[in-house]
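Subject: Structure for you to look at

Dear colleague,

Please find the structure below, followed by notes on what was found in it.

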Number of protein chains: 4
Amino acid sequence: MAREIRYGMVGGHNKAFIGDVHRKALQFDPRSALVAGCFSTRETLNQETGKTYDLDPDRVYPDYKTMAKAEAAREDGIDFVVIVTPNITHYEIAKCFLEAGINVFCEKPLCFTVAQAEELEAIVKSTGLLFGVGYSYTGYTMSKVMKEMIAEGKIGKVIAVNAEYVQGWLLDILDPDSKNDMSLAVWRTDPVISGITNCVGDLGTHIENYVSYLTGLKIHRLLATRDKYNQPLELNANIIVEYDNGAHGAYWCSQIAEGHCNGFVVRVYGDKGALEWMQEDPEVVRYTPKGEAMRLIHRGTPAIHEKAGAFARIPSGHPEGLFVAFANIHREFLNAVDAKKHGKDYSCFDFPTISDGVMGVKFIHAVVDSADGGNQWVTIK
Amino acid sequence: MAREIRYGMVGGHNKAFIGDVHRKALQFDPRSALVAGCFSTRETLNQETGKTYDLDPDRVYPDYKTMAKAEAAREDGIDFVVIVTPNITHYEIAKCFLEAGINVFCEKPLCFTVAQAEELEAIVKSTGLLFGVGYSYTGYTMSKVMKEMIAEGKIGKVIAVNAEYVQGWLLDILDPDSKNDMSLAVWRTDPVISGITNCVGDLGTHIENYVSYLTGLKIHRLLATRDKYNQPLELNANIIVEYDNGAHGAYWCSQIAEGHCNGFVVRVYGDKGALEWMQEDPEVVRYTPKGEAMRLIHRGTPAIHEKAGAFARIPSGHPEGLFVAFANIHREFLNAVDAKKHGKDYSCFDFPTISDGVMGVKFIHAVVDSADGGNQWVTIK
Amino acid sequence: MAREIRYGMVGGHNKAFIGDVHRKALQFDPRSALVAGCFSTRETLNQETGKTYDLDPDRVYPDYKTMAKAEAAREDGIDFVVIVTPNITHYEIAKCFLEAGINVFCEKPLCFTVAQAEELEAIVKSTGLLFGVGYSYTGYTMSKVMKEMIAEGKIGKVIAVNAEYVQGWLLDILDPDSKNDMSLAVWRTDPVISGITNCVGDLGTHIENYVSYLTGLKIHRLLATRDKYNQPLELNANIIVEYDNGAHGAYWCSQIAEGHCNGFVVRVYGDKGALEWMQEDPEVVRYTPKGEAMRLIHRGTPAIHEKAGAFARIPSGHPEGLFVAFANIHREFLNAVDAKKHGKDYSCFDFPTISDGVMGVKFIHAVVDSADGGNQWVTIK
Amino acid sequence: MAREIRYGMVGGHNKAFIGDVHRKALQFDPRSALVAGCFSTRETLNQETGKTYDLDPDRVYPDYKTMAKAEAAREDGIDFVVIVTPNITHYEIAKCFLEAGINVFCEKPLCFTVAQAEELEAIVKSTGLLFGVGYSYTGYTMSKVMKEMIAEGKIGKVIAVNAEYVQGWLLDILDPDSKNDMSLAVWRTDPVISGITNCVGDLGTHIENYVSYLTGLKIHRLLATRDKYNQPLELNANIIVEYDNGAHGAYWCSQIAEGHCNGFVVRVYGDKGALEWMQEDPEVVRYTPKGEAMRLIHRGTPAIHEKAGAFARIPSGHPEGLFVAFANIHREFLNAVDAKKHGKDYSCFDFPTISDGVMGVKFIHAVVDSADGGNQWVTIK
């Protein structure tokens with residue numbers, strides 16, 4: 001069954017970042033094979049990337065439309081496409097492949113508007129195609145451990161949440177005298193490319209998705225502030241959310257919080273205990289049962305249940321890292337693709353779907369609506 | 001100059017908690033002497049406490065009014081009184097001693113209403129009496145180090161704040177089946193004794209005071225939610241504040257956040273760097289200059305400036321603890337009392353004053369007004 | 001019973017360090033009263049210190065021999081003396097007070113030679129006088145919690161120990177070009193004042209005493225290296241110990257380990273679990289039962305047993321600090337003095353005794369004998 | 001240049017652990033291709049593994065001798081072989097491939113005896129073949145950062161080292177009543193399979209190699225204890241080493257230290273500063289320049305120099321994990337293989353070589369000689 005599941009990629013040329021992470025993560029599973037691509041609109045770079053991965057030159061396409069059409073027509077065409085292009089193009093590319101009957105795995109955020117998101121969702125529902133979205137942090141083994149613990153009632157009913165996703169790398173943008181090259185950062189703060197948000201879309205949506213994944217709670221309404229510091233888009237945002245069970249949570253996302261590299265921290269408080277997890281220390285969950293001492297639960301130890309533990313690849317104490325988190329997402333997606341291909345039930349796998357993508361877009365819009373409209377409650381439908 | 005500054009205490013009998021912390025902290029300074037008290041309305045306990053501290057029985061008073069009058073009349077009367085009674089009585093006792101011409105050091109919160117607070121402030125201003133308030137966390141050496149660093153511009157202009165003061169010890173109140181004795185907790189959730197708030201008054205005001213102390217920023221307006229979980233008063237609150245410089249901060253206080261003992265954490269982000277401090281690890285400041293590696297700055301090391309460093313009592317690495325934080329507050333208060341007594345300028349000492357107390361009461365009321373009034377902005381005048 | 005237990009002090013003038021820590025710690029207990037002293041051989045400083053503590057000038061003595069004689073003769077003479085002079089004088093002063101029939105609390109190390117130590121021990125045994133030694137870290141509440149947990153079998157039989165006490169503050173001594181004033185450091189490396197060791201006597205003996213206190217294990221033999229880096233005495237030492245139960249431990253002490261303030265860390269491994277404690281984070285014990293997740297046990301929480309927990313003064317999460325550790329040692333010593341004074345059994349109190357002091361001196365000598373004699377095993381009798 | 005460097009594997013069937021880590025790490029580099037193997041002596045498992053990786057069935061060999069001969073004979077034969085079999089077979093397999101003229105990458109420990117190790121080294125030297133050894137922790141980006149910092153003089157001359165590699169997973173072996181299945185553990189404590197050591201060979205050699213890699217120091221002599229706890233081989237060992245520059249270090253390795261997953265911690269102290277690194281938190285180096293505050297240096301930040309930083313794959317704060325450490329080792333090994341293949345200088349790449357392997361075997365033997373021979377100094381030649 002080696003290399004039986006064929007995939008293509010749009011975006012992700014040799015000099016890009018996230019496409020390569022997906023390729024390496026997919027290589028963790030020997031069933032997968034990269035066989036087609038449209039890696040760049042710069043044709044030389046496109047071809048070079050194809051060569052790096054030993055692709056048949058005929059399957060290195062000049063544009064994604066040609067690729068979708070050609071691959072759909074081949075008997076040995078790709079089983080799914082990975083979309084790792086700039087955010088602004090996600091919608092059209094995803095739609096094109098869906099309409100060609102090809103399963104899609106798309107980086108987050110799904111797209112720019114709620115209407116686009118709901119349109120894609122409608123296509124997915126009507127066609128039965130698979131659609132994965134790149135909320136990769138849920139792929140960490142310990143994310144699955146926590147989800148399982150909460151489902152088992154280990155912390156009881158959730159009564160409060162505090163989560164943050166903070167970075168400091170864009171602080172220098174605020175300094176008119178800086179001599180650092182911030183060109184990499186500029187697109188993030190450019191509404192044409194990034195859409196209506198910067199840090200809320202880049203970081204805040206991860207919080208929304210992750211808390212929802214862990215707890216099963218949905219945000220009923222939220223209120224927010226966002227801080228632009230004289231830039232076109234926000235670099236800092238505070239959000240108070242109210243879940244459908246009535247509890248409140250506080251979310252903070254920032255790119256100007258010096259001292260943080262990629263500080264994604266989630267803390268969930270229930271009436272029977274609490275859980276804490278830090279993305280930069282992803283192998284450990286801090287669990288405190290009510291009235292007892294805090295436990296540090298490590299991946300790969302007897303404290304981990306079988307089901308979630310099955311995602312672990314190497315013994316405890318050997319950091320698996322982000323590639324394995326991506327690989328776990330993709331393993332489940334490959335399982336689903338494989339099941340669908342062989343006519344089996346493919347509804348039960350554990351990866352972020354189009355619904356997660358739609359919720360992410362709704363969240364972004366609710367935050368902006370509240371922040372720009374007097375910081376009052378905005379309900380998410 | 002031994003035992004030259006005489007003080008009395010109202011409240012703080014042998015079985016009470018915070019009065020004893022004040023006594024021990026004042027003993028750190030050999031200038032101070034406890035010479036009078038009205039420690040309890042239970043006379044036996046009152047007398048016993050007086051004996052424990054070797055007081056002249058004539059100066060162990062049955063009620064605070066008698067005490068204020070008698071001490072004011074003595075030539076060797078007390079220089080100041082420490083008030084450590086339940087919150088509901090602070091106002092009347094403080095007023096009584098002020099009117100008797102005696103300096104006051106009062107536990108926080110200052111009193112119940114803004115009107116009471118402003119009345120006390122007016123008396124202080126018109127009489128020139130000294131009035132300290134027990135916001136003790138500003139007494140830690142590293143609090144003073146951070147204040148100094150911010151004043152020197154080490155982190156530039158403050159652009160974001162994130163602070164929390166969270167505990168888990170009241171979680172059990174929510175469990176109707178609990179067999180634990182929560183009687184100690186009950187008064188905190190009783191509006192008759194605690195006033196209009198529980199955790200906002202107990203914990204949230206520390207955040208307000210501390211951030212203001214460090215940064216010099218004042219809160220212009222705030223919006224808040226508070227969660228009562230079917231109890232009379234809130235056990236959890238989220239607050240977004242807007243400072244007078246336009247920056248935003250997020251404050252979280254809670255008594256149901258399992259896994260936290262006394263988790264007071266303050267993080268201040270500027271356009272030139274960031275600072276972080278944790279009350280449970282009070283000897284260290286985490287300082288990150290823009291674009292550089294985080295530094296762990298320890299009390300008592302060469303990284304500490306002379307002025308703030310002078311508050312340290314023992315070498316770095318030997319935890320000073322909360323008693324020293326209280327002792328630092330009291331040393332400055334004693335310096336002021338001493339200066340006033342000898343006719344010197346007493347306006348320049350570093351302890352929380354009546355103005356801090358007034359601001360605390362205003363903050364509490366603004367939070368409740370917002371939380372109970374649709375979670376909209378409430379301006380603090 | 002206020003101020004009923006009278007004590008005097010030898011050493012500890014106003015400009016010295018450790019004497020003041022003892023005074024403040026003793027003030028935590030209202031039974032104690034400083035009533036006599038010989039604080040310095042510099043008479044002006046001696047008198048000034050006496051005035052600071054409001055002593056009767058007749059009881060501020062010019063030399064310790066006069067003091068011992070005079071206090072022994074008074075009906076209201078001191079119940080015990082605290083000796084906080086340079087190490088070289090401990091033996092003669094302690095002996096003088098013992099011979100005058102006065103209980104002694106002496107800073108560590110007890111004295112210079114094993115013969116001196118055993119002589120003092122013999123006097124203590126024959127007279128029934130109390131003798132405390134300043135191994136203060138055993139006074140932390142969590143030290144007592146761990147001792148109790150080990151006694152209860154929580155970690156089973158001890159099979160390995162790893163402990164270190166490391167500082168970096170003397171590193172600069174090694175730099176011939178340094179412009180820092182290291183005069184404070186010089187005496188520590190001067191054999192005339194410090195004796196045959198520097199860091200082993202200053203730091204290593206704490207490890208020896210603390211592990212012995214926690215586990216009840218005695219060192220059967222040890223081997224060691226010590227590093228002098230061209231100084232008269234060692235600044236770094238590695239020691240492998242073999243306990244009487246056959247298990248091995250590794251001890252490391254250093255004053256040139258940059259990055260450490262006062263890094264005293266003890267880890268004890270048993271066949272049923274493990275314990276870890278760090279002096280710079282003294283409120284927490286890390287406890288791992290065999291095959292389970294690590295627990296962080298905090299002072300003042302329900303996880304703490306009643307007996308050890310009774311040493312805690314303030315709620316969990318409020319750092320007690322080193323003064324309380326000293327105060328706990330002295331509370332037990334005061335209990336013993338009080339019991340003896342009233343003719344009760346005084347053999348059951350929890351403070352470091354003359355035996356601990358003797359063992360400390362033996363340990364120092366064994367380390368030096370091994371380190372200077374080919375790094376072979378030296379048995380401690 | 002895709003898949004241009006062909007490799008084979010001996011050992012590493014589908015149910016084994018470390019072979020898969022090597023395959024995944026090699027897949028991080030698109031130049032590499034797995035094309036041949038002898039994955040297991042169980043033929044069915046051998047064939048299945050070949051199919052998983054889509055190998056030509058002709059190149060899935062029944063035994064390693066056949067494989068070496070056949071691959072050496074093919075024009076498109078493998079460029080190198082990865083040996084991931086039980087330790088006892090390393091020597092003969094490595095020798096066989098070397099003699100067939102094929103480069104070798106062999107898991108550690110290299111072999112059982114110093115004579116074997118030196119024989120392999122002699123073959124490597126005389127043939128000019130490449131020989132990598134799996135000391136993978138040196139592959140972490142931050143390992144390279146520290147090596148560079150030390151080489152640049154950031155901590156001056158090394159004057160002390162303290163390092164440990166401790167685990168707790170074998171503690172249960174000591175419990176005769178345990179019901180856990182420890183069968184996985186049994187071979188480690190079986191001298192027939194593991195040779196003369198257990199934890200010293202498995203863990204201790206990593207310390208030896210890593211410290212040597214960072215500092216360039218060689219161990220001149222060492223003394224050691226090892227603890228068997230009634231098992232055939234040791235589960236705990238303490239080692240004092242003396243480097244060729246005269247400094248001392250303390251190494252501790254253990255498999256019975258409950259509370260540790262894979263606790264490899266290295267601390268290097270110099271006369272100008274200190275460095276600390278923990279394998280379970282591999283993205284951070286703790287660096288303290290003399291007399292200054294400790295810095296937390298994160299992978300991927302401006303604090304990292306260009307050369308070492310080039311090993312990083314993803315932005316700071318996104319944990320790379322162990323697979324990337326392995327991938328970094330293999331990237332350098334692939335660079336060397338590629339250079340050799342194209343007739344270029346292949347002497348300058350950064351991976352553990354046969355010399356590291358030889359030193360590891362010498363270290364193991366010295367520890368056992370000292371531990372079993374009275375714990376005296378044993379010189380390493």
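**How the copies are related**

Chain A is superposed on chain B by a rotation of 180 degrees with 0.0 Å of shift along its axis, and the RMSD is 0.0 Å; copies are superposed by least squares on the C-alpha atoms of residues with pLDDT of at least 70 in both. The two copies are thus related as by a two-fold rotation axis. In chain A, the C-alpha nearest that axis belongs to Q376(A), at 3.2 Å from it. The same surface serves both copies, since 100% of the contact residues of chain A recur in chain B.

Before going further, please keep in mind that this is a predicted model, in which local features need pLDDT of at least 70 and side-chain atom pairs count only at pLDDT 80 or more, while totals for chains, interfaces and linings use all residues. Residues are numbered from 1 along each chain as its sequence is written, and chains are lettered from A and ligands numbered from 1 in the order in which they are written.

**Chains A and B**

The contact between these chains takes 35 residues from chain A and 35 residues from chain B, where two residues are in contact if their C-beta atoms, placed from the backbone, lie within 7 Å. On the side of chain A that touches chain B, six strands, β6, β7, β8, β9, β11 and β12, each supply at least two residues, and β9(A) gives the most, with four residues. Here strands (E, at least two residues) and helices (H or I, at least four) are DSSP runs, numbered from the N terminus. By class, this side has 15 nonpolar, 12 polar and eight charged residues; Ala, Val, Leu, Ile, Met, Phe, Trp, Tyr, Cys and Pro count as nonpolar, Asp, Glu, Lys and Arg as charged, and the others, Gly among them, as polar.

**Chains B and D**

Between these chains, 10 residues of chain D are in contact with 10 residues of chain B, and those on the chain D side divide into six nonpolar, two polar and two charged.

With best wishes
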